[in-house]
Amino acid sequence: MIYRVLIRKTPYEPKPRATDIRSDRRLQRMASSQKMSVHEITRTSLLQISKNTVHRRIIGSRYMIHAKMSRRLPLSKLHISKRLQWARNHMSYGDKWMAVLFSDEINGTSMDLTGI
């Protein structure tokens, strides 16, 4: 590009953005609220943009951090039944639950075992 400007004496004109701010927010919302890949977001959005553009718009968000999720096997029926049995056995634990810290607690909220 610098060569073209210096040799041909043509003024530099940047390419216009392929998306506007509203489209950027919609792409970021699709990426954060749904489990969609960049390819799927590109397909489902009605914009004529490349996967690289979608990726740049998602990375450009200050609120989203890219982290690859670790793969885990789903729970087997035996594990599910054992977890439910454990929860039923411990429902009468009463005030002792106040001293228990669950490993999946986020921001002071815990799992609700009363509906099990």
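Here are a few questions and answers on this predicted model. Residues are numbered from 1 along each chain as its sequence is written. Local features need pLDDT of at least 70, side-chain atom pairs count only at pLDDT 80 or more, totals for chains, interfaces and linings use all residues, and side-chain values use heavy atoms, with hydrogens and water left out.

Q: How many helices and strands does the chain have?
A: Helices (H or I, at least four residues) and strands (E, at least two) are DSSP runs, numbered from the N terminus. From that end, the elements go α-α-α-α-α. So the tally, with those runs as the rule, is five helices and zero strands.

Q: At what angle do the axes of α2 and α4 cross?
A: Axes here are lines fitted to C-alpha atoms, for helices over the stretch in contact, with angles from 0 to 180 degrees between N-to-C directions. Helix α2 covers residues 21-33 and α4 covers 51-59, and their axes come within 9 Å. The pair counts as roughly perpendicular, a label for 65 to 115 degrees. The crossing angle is roughly 85 degrees.

Q: Which residues of α4 make the contact with α2?
A: Contact means heavy atoms within 4.5 Å. On the α2 side, D24, L27, Q28 and A31 take part. From α4 come V54, R57 and I58.

Q: Which residues of α4 are buried?
A: Buried means under 20% relative accessible area with a 1.4 Å probe, protein chains only. What covers these residues includes α2 and α3 (38-44). The buried ones are T53, V54, R57 and I58.

Conventions
Parallel < 35°, antiparallel > 145°, perpendicular 65-115°, else oblique. Buried < 20%, exposed > 50% of the residue type's maximum accessible area, 1.4 Å probe, protein only.
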